[in-house]
Amino acid sequence: MGRIAYDAATAASFRQTREIRRDGLRAWEEAVRRHLTPVPGMTVLDIGAGTGAFATAFCDWYGVRVVAVEPAAAMRALIPRRPDVDVRSGHAAALPLEDGSADGAWLSTVTHHVPDLAAAAREIRRVLRPGAPVLIRNAFAGRSERLRIVRWFPETARLLDTYPSVERTCEAFAAAGFTPIALEPVVQRDIASLAELLDRVETLRTADTLMRSLTDEEFAHGRRRIAAAVEAGTATDLTSSLDLLVLR
């Protein structure tokens, strides 16, 4: 299920550079609340849960119970153990849940790791209760202009264009009986300054699928662009946006 093999070192790099601070997720808290309509005690399935940033956030924000499904043992090992987070091994096309046992499904930066989206959609349909939503947070092919990483490392768009598009994703889920009901960009701010990005960029390269696609020369050019902007004190947009696609 992955373009990256997450060993312990890569998982630690992911946690250090890819997890967004809770205060940077305010827009996501609001967007998910609108479409999930969470009720305390409901069960939300987090597919490809990574190191558990969203699983724990959902529990804290909404009082829900989260089943965090993650295929990489190194990532699962970093998910905080708490009573309201049930950590399980599995992947999108083989979910370790009973039929109709979840009230919603969350997939964050996952769809490009799934080799068979149609199979995953069928499996998600199996485990969701009727009418439960699927919320997909992702970068989609053809919609890269709002990603900060593409602004500084434009060559990453080369791999991004191989990701499932919104249209392809909707087709795969439509075959399983899902209908798209919303698509919206959600702005997040996960760094406080461009200097912080410069400090993190070396580690980010080991944990980000797009960054790992760069040649050494492409990475060096991008890093120099950031360093020059930091040196010059250039004002720049620090935000980045991913899309939220919602289906029922």
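1. Contact here means heavy atoms within 4.5 Å. With that cut-off, and not counting residues up to four places away in sequence, arginine 82 touches Thr56, Cys59 and Asp60.

2. This is a predicted model, in which local features need pLDDT of at least 70, side-chain atom pairs count only at pLDDT 80 or more, and totals for chains, interfaces and linings use all residues. Residues are numbered from 1 along each chain as its sequence is written, and side-chain values use heavy atoms, with hydrogens and water left out.

3. The protein has eleven helices and seven strands; helices (H or I, at least four residues) and strands (E, at least two) are DSSP runs, numbered from the N terminus. Its radius of gyration is 18 Å, close to the 18 Å that the globule rule gives for 248 residues, so the protein is as compact as a globular protein of that length. The radius is taken over C-alpha atoms, and the rule is 2.2 Å times the number of residues to the power 0.38. Along its principal axes the C-alpha trace spans about 55 × 35 × 30 Å.

4. Of the 248 residues, 56% count as buried. Buried means under 20% relative accessible area, exposed over 50%, and partly exposed in between (1.4 Å probe, protein chains only). Among contacts between residues at least 6 apart in sequence, 76% join residues at least 24 apart.

5. Helix H8 covers residues 166-174, and its buried residues are Val166, Thr169, Cys170, Ala172 and Phe173. They cover an arc of only 160 degrees around the axis, which puts them on the same side of H8; the arc is that of the directions from the helix axis to the C-beta atoms. An α-helix has 3.6 residues a turn, so residues three or four places apart point the same way. Exposed Glu167 and Glu171 sit on the face of H8 turned away from its buried side. The cover over the buried residues of H8 includes helix H5 (117-127) and strands S5 (134-138), S6 (180-188) and S7 (240-247).

6. Arginine 82 lies in the loop between helix H4 (73-76) and strand S3 (85-88). With 24% relative accessibility, arginine 82 counts as partly exposed. Cysteine 59 is 23 residues from arginine 82 along the chain, and their C-alpha atoms are separated by 9.9 Å.

7. Alanine 77 also belongs to the loop between H4 and S3. Its relative accessibility is 57%, and alanine 77 therefore counts as exposed. Alanine 77 and threonine 51 are 26 residues apart in sequence, with 7.7 Å from C-alpha to C-alpha.
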